[in-house]
Amino acid sequence: MDWLSELLREGSVAGGMAILALAVALGLALGNVRVLGIRLGISGVLFSSLLFGQIGWTVNETVLSFLRDFGLVIFAYAIGLQMGPGFASSFKSEGLRLNLLSVWAVGLGAAMTLAVVLIFHLPRASAPGLYSGAFTTTPGLAAGQDAIRNALANDPLRERTATHAMDQAGRAYAVTYPFGIVGPIFAIVLLRWIFRIHVPDELAQLTAEEAAQRPPVATVDFEITRAVHVGIPLSEHPLLQFGNVIFSRLLRDRVVSVPNGDTKIHVGDVFRAVGPKPVLDELVAQMGRTGSFDLGSATGDVKREELVVTRTHVLRRPLRELEFRRRTGVTIASVNRSGVELTPTASFKLQFGDHVTAIGPEEGLKMIEAELGNSEERLNHSQLIPIFLGIVIGVMVGSIPLKVPGLSTAMRVGLAGGPMIAAIVLSQLGNIGSVVWYMPAAANQLFRDFGLAVFLACVGLSSGDHFIQNVASGGGLALVCWGAAISMIPILVVGWWARVHYKMNFVTLSGWVAGAMTSSPALVFANDMARSEAPSVAYAAVAPLAMLTPVICSQLLVIGMR
């Protein structure tokens, strides 16, 4: 067994990798175990690696530091790509209010952390760890540790002090993280109890409100029966100017064709229209009647194809500029983007990965397929060049010193914020020439989970040394208690205000709590409680900003540390 002893000897890179991988594997297995309906998920890696650190199974410090930063960059970049497409839209309408409330809760937590550290004379280096553990914000911890390292980097004599301070932050994070996982769930339960919420009633109310605000896209076949509309081109008809209606088929004299803007209306025409249901109902009431029309058996060179956008030259250009209908006779009837059905009006712009329903003559469809690409292979293939270019840009963004008036120390968004910000911006941009910042959902999930698992394992292994003794000491128990308070009080205060002042629907509120705390277990709990995916909408609206804000707050907690 000498070979095993050699593998596990202190300082062995191979042995360190084996220990890290084993800690991750055991942690993921632990995370899949349900207790009272709650799973730790990938957070289980932190606890398994803490156990390894406690029993003395650790990794070379240099290797551990590199893997920690490497995992963080991968995780942050993948998160940015995932959240990026919906980031701008999350600030519209209700999303703006949700994000402001999220910033309020996160900022209140940072202020409370600072007050606790100063009033009760806790180690200043523990502040970012205490705050990040309470809010389960992995990027926040990384940003705080980077700020500590930068604050003490100019003095070579204090290098050991910087390492010790970073370990303090990591230990504070580790001891407060467990309650940070369940804290948001307790907050949801308490808010439900305080306001005597009946969840099915809240869900029914939310569904009715959403149906009124965003009517579903429908398809209807109707016949023109009123002579007053005869002879008017579709593009000039007053009922069709602002209704977001697409005409995909026309049945005239038993022949099916694809209408265009120049098509003039005749009595007896049968149109197939796609658009918002209330608009279609009004259109039919004004122009004719619905009925049973067999468009499928009529003659005519009209076919339907489902295509996927995988070529770059059609991106970021409105459909009116692409002129598909004029050039090929093909109409884009609908677009499915990330599971959402969209009506492609003249100003609509295609994005990489859009699933398009095209209707028209066979030859025209072949031309459209060639222009759009329709390559499932390219769609599902991760482009490595954009990934690495994006990471380079993200690391550079994270290294830019930001001077804040009144502060002597420059701030940096660091390896946590830089790649995330870069990915959000690049995903909004979409592409530059043939370089497309798009990652398939399965690949994004893999990158995200891999990076987070490696980061949590590194934090646990570096903080696990004498972890139980540290928690059992007076200082450790105090951190646990303060972490629980910081995790619960801000979110309860802001959640109470949102319900009382804004009359926020509880289903939305529960998703907001999970998003503001960036807590996946809380989101799973909220979805299970509502028996719906509706809380995920609020979660997705606030999660990007809720991940970025703690990056700044953690650094502010460190500034001034000497």
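The structure is a predicted model, in which local features need pLDDT of at least 70 and side-chain atom pairs count only at pLDDT 80 or more, while totals for chains, interfaces and linings use all residues. Residues are numbered from 1 along each chain as its sequence is written, and side-chain values use heavy atoms, with hydrogens and water left out.

Helix H20 spans residues 506-516; helices here are DSSP runs (H or I, at least four residues), as are strands (E, at least two), numbered from the N terminus. H20 is mostly covered, with 11 of its 11 residues buried. Buried means under 20% relative accessible area, exposed means over 50%, and partly exposed is in between (1.4 Å probe, protein chains only). Among the buried residues of H20 are Phe506, Leu509, Trp512 and Val513. At the start of the helix, asparagine 505 uses a side-chain oxygen to come within 2.9 Å of the backbone nitrogen of valine 507. After H20 comes threonine 518, with a positive phi near 45°.

Now for the rings. A pair of aromatic rings is described by the distance of the centres and the angle of the planes. Rings of Phe, Tyr and Trp (its six-membered ring) pair if their centres lie within 6.5 Å; planes under 30 degrees apart count as stacked, over 60 as edge-to-face and the rest as tilted. By this rule, there are 7 aromatic pairs. Tryptophan 104 and tryptophan 497 make an edge-to-face pair, because their planes stand at 80°, with ring centres 6.2 Å apart. This pair links distant parts of the chain, 393 residues apart: tryptophan 104 belongs to helix H5 (residues 94-119) and tryptophan 497 to helix H19 (residues 474-502). Tryptophan 104 is partly exposed at 36% relative accessibility, and tryptophan 497 is partly exposed too, at 33%.

Phenylalanine 120 and tryptophan 482 have planes at 45° and centres 4.7 Å apart, so this pair is tilted. Since phenylalanine 120 lies in the loop between H5 and helix H6 (126-134) and tryptophan 482 in helix H19, the pair ties together parts 362 residues apart in sequence. Phenylalanine 120 is partly exposed at 45%, as is tryptophan 482 at 24%. Elsewhere, Phe222, Phe247 and Phe271 form one aromatic cluster.

Some rings also have a charge over them (NZ of Lys or CZ of Arg within 6 Å of the ring centre and within 35 degrees of the ring normal). Arginine 196 places its charged end over the ring of tryptophan 193, 5.0 Å from the centre. Arginine 499 lies over the face of phenylalanine 195, at 6.0 Å from the ring centre.

Note on methods:
A polar contact is a pair of N or O atoms within 3.5 Å; within protein, one must be able to donate a hydrogen and the other to accept it, and residues adjacent in sequence count only if both atoms are side-chain atoms.
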